[in-house]
Amino acid sequence: MLEIRVEQRTLDECRALAQRIASQVQHETSRYTTVSIERTILRLLGVEEADSAEVPLVNRVVDRIGLPQLRRGVLYWVGNLMTGRGLDFRPSVQLLIERGVPADLAEHPRWREALEPEVKRATERILARKRERDALLERLPAGDLPWFYCIVATGNIHEDVVQAQAAARQGAQVIAVIRSTAQSLLDYVPHGPTTEGYAGTFATQANFRIMRQALDEVGEQLGRYVMLCNYCSGLCMPEIAALGALERLDMMLNDALYGVIFRDINMLRTLTDQFFSRRINGLAGIIINTGEDNYLKTDDGLEAAHTVLASQFVNEQLARLSGVPESQTGIGHAFELDPEIEDGFLYELAQALLVRRAFPRAPLKYMPPTRYKTGDVFQGHLQAGLFNLVSLLSGQHIQLLGMLSEAVGTPGLHDRYLALTNARYIANNCRHLAEELVVREGGRLERRAAEVLGRCCELLEEIASDSLFSALSRGVFAGIPRSREEGRGLEGVVPRDPQYYNPFEESRAG
């Protein structure tokens with residue numbers, strides 16, 4: 001890939017400032033739990049069913065315990081029922097569903113010990129899926145970088161399977177099942193397979209399992225592992241992360257700020273949930289994909305480039321505090337300048353090279369142009385070709401494919417075929433081009449990168465002196481302000497009692 005020179009001292013300062021910001025966030029959010037975190041704990045321990053009304057049992061348990069008593073965590077009550085009443089884990093859960101917390105339930109000194117075998121089994125279940133993935137990748141390598149990433153979004157999981165397997169046979173290495181519109185606003189995870197969804201398919205454990213099996217099947221036929229991606233942002237961020245871990249997903253869209261900015265989910269809720277969701281992803285070996293590419297859908301890509309970089313630094317440090325290794329931190333960005341801008345390709349290349357320089361060991365996730373697609377399929381195909389070239393020159397890791405029919409309709413099989421053909425053409429014909437090129441010292445590329453990095457450092461210093469919460473309130477990212485006291489899901493945030501217990505927060509791989 002091409003190398004771009006920027007001041008290492010400024011990069012180090014940005015990372016140090018982002019670390020301060022992330023530490024401030026963690027100090028604040030570690031004092032809370034959420035209804036989604038508590039439901040996630042139960043899901044990890046095997047409570048996967050729904051009742052006759054299709055309400056997930058984890059929702060029933062948390063609702064029956066009630067917010068005041070949830071301060072101690074759901075396991076406090078389960079553990080004391082196990083020790084105080086001599087019940088096993090599942091009967092204790094069932095009792096809570098039927099009767100709530102018994103008024104005469106007293107604390108037992110060894111309630112945590114009673115839960116240890118259950119926690120150990122749950123952790124081993126996740127690690128077993130990780131080992132399974134590692135073994136498959138050893139036997140069926142995923143293929144050369146960049147990994148070509150295609151989406152399916154029919155709303156019907158069974159139709160998604162047909163399209164996903166077709167895309168894999170055409171050369172896609174990553175299949176992302178787009179989540180149904182507005183699922184991120186549901187404070188529960190739908191149960192079972194689904195066949196109806198708007199602009200996407202519901203993220204459920206059953207749907208994850210169906211698609212994982214389908215990709216394993218086609219992977220065996222092709223002799224290469226096909227990776228599966230889905231979304232775990234929203235009000236159920238940690239729950240969906242847990243389901244992804246249990247069903248061996250390989251990537252998850254997991255951004256610390258996306259739900260706040262684009263779905264008006266309360267910032268305290270999202271920033272509390274993101275820690276535990278990423279803890280699970282880290283344990284499971286799942287690559288997280290951050291969502292800075294979305295900023296450029298609402299803000300100007302030329303003027304706001306430094307805010308994208310600032311958010312990337314913060315996302316990286318929040319992931320690190322959550323236990324996600326650098327090799328699993330897929331920093332997101334996008335090719336989203338107005339094509340009418342003179343030297344737009346140069347600015348796009350400068351940004352991509354800067355992001356790679358700032359995060360040299362991260363599996364970068366690069367998004368194709370979408371904002372400025374007009375429905376002109378010929379222009380759209382050319383824009384995707386320029387994006388593919390930048391991706392190759394700047395050493396991207398996860399390359400989403402641009403569809404010529406963007407802004408026309410949901411991509412069909414032929415659209416994916418043409419997108420893959422375009423990407424393969426560039427990758428093959430320009431495979432070693434970057435080795436023959438040099439970025440001119442002090443030239444336009446370096447000057448642009450230095451400008452963006454300098455403004456990023458100034459912004460991070462401003463945020464560190466105040467707080468990320470304040471920055472979000474002022475609309476620093478994507479130009480969309482949000483209030484700390486408002487937003488969806490705030491009622492599900494609960495202060496932790498000193499006796500609060502969540503053993504999975506300390507679980508780590510290895």
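Modeller: On a 1 Å grid over the protein atoms alone, a cavity is a set of points where a 1.4 Å probe fits but cannot get out, and its lining residues are those with an atom within 4 Å of a point. The model is a predicted one, in which local features need pLDDT of at least 70 and side-chain atom pairs count only at pLDDT 80 or more, while totals for chains, interfaces and linings use all residues. Residues are numbered from 1 along each chain as its sequence is written, and side-chain values use heavy atoms, with hydrogens and water left out.

A search of the whole structure finds five cavities of 30 Å³ or more, a volume being the space filled by probe spheres set on the grid points, which are joined across faces, edges and corners. The largest cavity holds about 110 Å³ of space, and its lining consists of Leu296, Gly301, Ala305, Val308, His333, Ala334, Glu336, Leu337, Tyr347, Glu348, Gln351 and Arg448. By class, this lining has six nonpolar, three polar and three charged residues, where Ala, Val, Leu, Ile, Met, Phe, Trp, Tyr, Cys and Pro count as nonpolar, Asp, Glu, Lys and Arg as charged, and the others, Gly among them, as polar.

At least two residues of the lining come from each of α13 (305-321), β8 (332-334) and α14, with helices (H or I, at least four residues) and strands (E, at least two) taken as DSSP runs numbered from the N terminus. The largest share, three residues, is supplied by α14.

Helix α14 (residues 344-358) also packs against α15: their axes, which are lines fitted to C-alpha atoms over the stretch in contact, come within 9 Å and cross at roughly 35°, on a scale that runs from 0 to 180 degrees between N-to-C directions. In this contact (heavy atoms within 4.5 Å), Phe345, Glu348, Leu349, Ala352 and Leu353 of α14 meet Leu386, Leu389, Val390 and Leu393 of α15. Eight of these residues are nonpolar, none is polar and one is charged.

Terms used. On a 1 Å grid over the protein atoms alone, a cavity is a set of points where a 1.4 Å probe fits but cannot get out, and a pocket is an open set with protein on both sides within 12 Å along at least five of seven lines; lining residues have an atom within 4 Å of a point.
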